[in-house]
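Please look over the structure shown here before reading on. The briefing that follows takes up its sheets, the helices packed on them and the surroundings of its ligand.

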Amino acid sequence: MTGKRILLIIGGGIAAYKIPQLIRLIRAEGMAVTPILTRAGGEFTTAMTISVLAGEAAHEGLFDISTEAEIGHIQLSRNADLVVVAPATADLMAKMAQGLADDLASTLLLATDKRVLIAPAMNVRMWHHPATQRNLALLRDDGILMIGPDEGDMACGEFGPGRMAEPEAIMAAIREALNVSLRPAPETRASGPLTGRHVIVTSGPTHEPIDPVRYIANRSSGAQGAAIAAALRDLGARVSFVTGPAVVPAPEGVEVIRVETAMQMRDAVEAALPAEAAVMAAAVADWRVVNSSQRKMKKDGTGQPPALEMAENPDILAWVSGLKAQRPLLVVGFAAETHDVIAHATAKRQRKGCDWIVANDVSPSTGIMGGDENAVILLRATGAEEWPRMSKHEVARRLADEIAKELG
Ligand SMILES: Cc1cc2nc3c(=O)[nH]c(=O)nc-3n(C[C@H](O)[C@H](O)[C@H](O)COP(=O)(O)O)c2cc1C
């Protein structure tokens with residue numbers, strides 16, 4: 001990452017107090033930071049603190065003659081390798097979604113030709129507001145990358161999603177975004193042992209709606225699935241990447257099919273067939289709410305919570321494994337267990353009819369779910385192979401090598 005430059009736009013939210021730490025992390029990796037403070041951002045952290053830590057003066061206004069004469073706002077937006085917006089306030093997200101350009105930050109965001117990563121931070125109600133969710137959908141469609149927000153206690157005393165991701169997590173997303181944009185474009189990619197092969201990879205969690213603003217989800221970040229898709233692509237495979245709403249960005253150079261629910265994921269996998277291999281790394285919800293409401297559910301004053309009626313979701317792994325003509329030559333499932341990992345994963349392999357199971361212990365103490373590392377056991381019909389703890393990227397590369405060997 002040494003020598004890369006991050007254009008860091010700091011919006012007007014309480015979470016701006018975490019930005020000095022983010023700047024330290026970015027610079028510790030040998031990267032440069034061009035800081036941009038919005039007017040509101042300057043209310044929460046100072047240009048002095050940010051400039052000293054970044055080692056460069058923070059830019060604040062659009063109509064600053066000295067800056068404009070020296071570098072110019074268009075140049076500023078192009079000189080960076082990646083644009084990061086943190087905290088990305090509801091207001092900044094709205095401006096980005098609408099293409100407004102009435103201050104330096106929003107003008108740079110509109111003028112840039114680089115990838116943009118946002119770390120949203122706001123009150124839980126602001127986050128859930130239909131306007132913010134609409135803007136979010138527009139930004140996703142525009143290819144804007146996102147990290148967080150996390151769920152938890154907020155500075156305003158409320159609880160829920162809206163906390164800005166921690167600086168370490170933003171740093172990991174920056175690394176991933178830069179790694180991706182440093183990779184060669186698919187058409188110029190070197191061929192490898194999987195050239196000419198088609199692989200489907202599922203990834204991330206699924207969201208099962210309760211009503212228009214609530215859903216049942218899980219803690220899968222999509223990190224392992226994204227790394228596997230990237231590793232298979234690097235071996236030359238054509239990858240269909242079917243992903244739920246993950247926090248880790250999808251890799252470049254793969255066909256990305258975004259879904260929300262388990263039912264949509266099943267349909268997307270079916271549409272992507274035929275394939276030589278399928279790697280089912282998504283954390284698919286076992287159940288969905290069948291009496292989900294088209295309108296936001298309200299408390300009715302009786303103190304009685306709504307009775308959610310659940311139905312089992314399609315078992316995508318078992319379904320793919322049981323296909324006749326369309327069955328991929330190799331079907332790989334994942335087993336996230338919290339105890340008796342080998343016993344449960346062995347039973348799962350037999351029950352689902354898949355060829356391999358990549359099993360791991362996701363007990364909270366392992367830090368695997370949402371973390372950068374993984375410790376897996378690869379189970380085949382011939383037995384179990386325990387891999388040492390390593391980065392999720394390393395697990396992905398090793399698994400991709402095994403898949404390439406298997407497909408011959
Ligand atoms: C104490 C305080 C805290 C705020 N925190 C947030 C926040 O976390 N997220 C947010 O979207 N807006 C927050 N706001 C509102 C924004 O500061 C306001 O919408 C501002 O116009 C955003 O400017 P920006 O687009 O430059 O970020 C806060 C306002 C105040 C007074």
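Two strands are taken to pair if DSSP finds at least two bridges between them, while the helices (H or I, at least four residues) and strands (E, at least two) are DSSP runs numbered from the N terminus. The model is a predicted one, in which local features need pLDDT of at least 70 and side-chain atom pairs count only at pLDDT 80 or more, whereas totals for chains, interfaces and linings use all residues. Residues are numbered from 1 along each chain as its sequence is written.

- Strand β4 (residues 116–120) pairs with β5 in the parallel sense over 2 bridges, and I118 stands opposite M146 in β5.

- A second open sheet, of 8 strands, has the order β12-β11-β8-β13-β16-β17-β19-β20 and mixed pairing.
- Its edge strands are β12 (255–258) and β20 (383–386), each of which pairs on one side only.
- Neighbouring strands of this sheet are turned against each other by 15 degrees on average, direction ignored.
- Strand β8 (residues 198–203) runs parallel to strand β13 (residues 277–280), to which 4 bridges join it, and T202 stands opposite M280 in β13.
- Helix α11 (residues 223–234) packs on the sheet, where it touches β8, β11 (238–243) and β13, and its direction makes about 165 degrees with that of β8.
- Helix α15 (residues 392–407) also packs on the sheet, touching β13, β16 (330–337), β17 (356–361) and β19 (376–380), and its direction makes about 150 degrees with that of β16.
- β19 and β20 run antiparallel and are joined by 4 bridges; a hairpin connects them through 2 residues, and E385 in β20 is the bridge partner of L378.

**Helix pairs**

- The axes of α11 and α15 come within 8 Å and cross at roughly 45 degrees, and the two helices are therefore oblique to each other (angles under 35 degrees count as roughly parallel, over 145 as roughly antiparallel, 65 to 115 as roughly perpendicular and the rest as oblique).
- The contact of α11 with α15 has 11 nonpolar, 2 polar and 2 charged residues, where Ala, Val, Leu, Ile, Met, Phe, Trp, Tyr, Cys and Pro count as nonpolar, Asp, Glu, Lys and Arg as charged, and the others, Gly among them, as polar.
- α6 and helix α9 (residues 130–141) pack at an angle of about 50 degrees, with their axes 9 Å apart, and are therefore oblique to each other.
- The residues in contact (C-beta atoms, placed from the backbone, within 7 Å) are A90, M93, A94, M96 and A97 of α6 with T132, N135, L136, L138 and L139 of α9.
- This contact of α6 with α9 divides into 8 nonpolar, 2 polar and no charged residues.

**The ligand shell**

- The ligand is surrounded by 16 residues, of which the closest are G11, G13, T38, A40 and T89; a residue is near a molecule if its C-beta atom, placed from the backbone, lies within 6 Å of it.
- Helix α6 (residues 90–98) gives the most to this shell, with 3 residues.
- By class, the shell around the ligand divides into 9 nonpolar, 6 polar and 1 charged.

Definitions and conventions: Axes fitted to C-alpha atoms, helices over the stretch in contact; angles between N-to-C directions. Contact = placed C-beta atoms within 7 Å.
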